[in-house]
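Here's a quick briefing to go with the model you're about to look at. Have it open while you read, and look up each residue as it comes along.

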Amino acid sequence: MRVSQPRIGLALGSGSARGWSHIGIIRILEEAGIAPDIVCGTSIGALVGAAYADGQLEKFEAWVRSLTWQGVVGLLDFTVSGGLIPGEKLFSFLRSHLDDKTIDSLPKAYGAVATELATGREVWLREGSVIDAVRASAALPGLFTPVRREERLLVDGALVNPVPVSLCRAMGADIVIAVDLNSDLIGRRLKPDEARPASETTAPGALASVLSRLPLGLGGARGGAPAADMPSIFDVLSLSLNIMQVRITRGRLAGEPADVLIRPRLADFALMDYHRASIAIDEGERAARRALPELRDVIGRTQDG
């Protein structure tokens, strides 16, 4: 008797720059002969997941690895209405470098998670433009402006569902592999730059410098550098988001557990460390290799059952 293959879902979690580790995880899964049928993502997971579902991951990885801090800043367009960054420059760039297909035309089943700003409802994005869905899923409140979609304002899906296991299940996954980027964030140091060589300096200090030149003086206390014993407003925002993400993620995964949970160790990554892609991708590979024995066991048991 022929044994039917279980449908495998991949739930790629939120985590800003830590999300580049998703690329390394996907590579190891593919090398092991494990090709997910369903790809769901929240925030940065929605972006990497879209590139993978469209068969564009190799091209996307080449661009990600080429990012410098100056290049990251160059993709940001600042405003003070609805959020600091409208995202027009960034997503215009993505449209020009990735094929902006409709979700239902992708080779793999794909879904993204966003949050309705007015009601706090979780919104599953399963149709329409892929890039528009990613933009809504990644609209981090206060940083990126909300996205208007069908008369609703949408913001980052991480507010309600940081690791979208439930969406994978709803789309028909028998086995869900989930990636939690937030498991080791609480307790990280306020000033991680001090422990790194200059070549690996994290982005928040540089971004705080950029923000300090805005009219609202967002770079620190009194519009300039923060007091010696006080973190910058960007550090406070970043660390507060970490706490929120960890608590929400733990709650959702407790009620909606994945079959296999992959947890890259990226506590030293700051919110905007998008220029450190190679380090994140390498850690993603290590985390995926650690999970392979458990994953093969789960797949084997599912087939036997």
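Helices (H or I, at least four residues) and strands (E, at least two) are DSSP runs, numbered from the N terminus. This is a predicted model, where local features need pLDDT of at least 70, side-chain atom pairs count only at pLDDT 80 or more, and totals for chains, interfaces and linings use all residues. Residues are numbered from 1 along each chain as its sequence is written, and side-chain values use heavy atoms, with hydrogens and water left out.

**The chain as a whole**

- You'll find 10 helices and 10 strands in the chain.
- Out of 305 residues, 54% count as buried; buried means under 20% relative accessible area, exposed over 50%, and partly exposed in between (1.4 Å probe, protein chains only).
- Take the contacts (heavy atoms within 4.5 Å) between residues at least 6 apart in sequence: 77% of them join residues at least 24 apart.

**Salt bridges**

- Side chains of opposite charge can pair when their charged atoms come close.
- The structure holds 15 salt bridges, each being a side-chain nitrogen of Lys or Arg within 4 Å of a carboxyl oxygen of Asp or Glu.
- E122 and R252 make one of them, at 3.0 Å from N to O. E122 sits in strand β5 (residues 122–125) and R252 in helix α9 (residues 233–255), so this pair ties together parts that are 130 residues apart in sequence.
- E116 and R121 pair up at 3.8 Å, N to O. E116 is buried, at 9% relative accessible area, while R121 is exposed, at 55%.
- R276 bridges to D268, with the closest N and O atoms 3.5 Å apart. Here R276 is buried at 5% relative accessibility, and D268 is partly exposed at 37%.
- R27, E61, R65, E285 and R289 are linked in a network of salt bridges.

**A space inside**

- There are 5 cavities of 30 Å³ or more. On a 1 Å grid over the protein atoms alone, a cavity is a set of points where a 1.4 Å probe fits but cannot get out, and lining residues have an atom within 4 Å of a point.
- The second largest cavity has about 90 Å³ of space; grid points are joined across faces, edges and corners, and the volume is the space filled by probe spheres set on the points.
- Which element gives the largest share of that cavity's lining? It's α9, with 3 residues.
- Residues lining the second largest cavity include S14, R18, D156 and L241.
- That lining divides into 4 nonpolar, 6 polar and 2 charged residues (Ala, Val, Leu, Ile, Met, Phe, Trp, Tyr, Cys and Pro count as nonpolar, Asp, Glu, Lys and Arg as charged, and the others, Gly among them, as polar).

Key: On a 1 Å grid over the protein atoms alone, a cavity is a set of points where a 1.4 Å probe fits but cannot get out, and a pocket is an open set with protein on both sides within 12 Å along at least five of seven lines; lining residues have an atom within 4 Å of a point.
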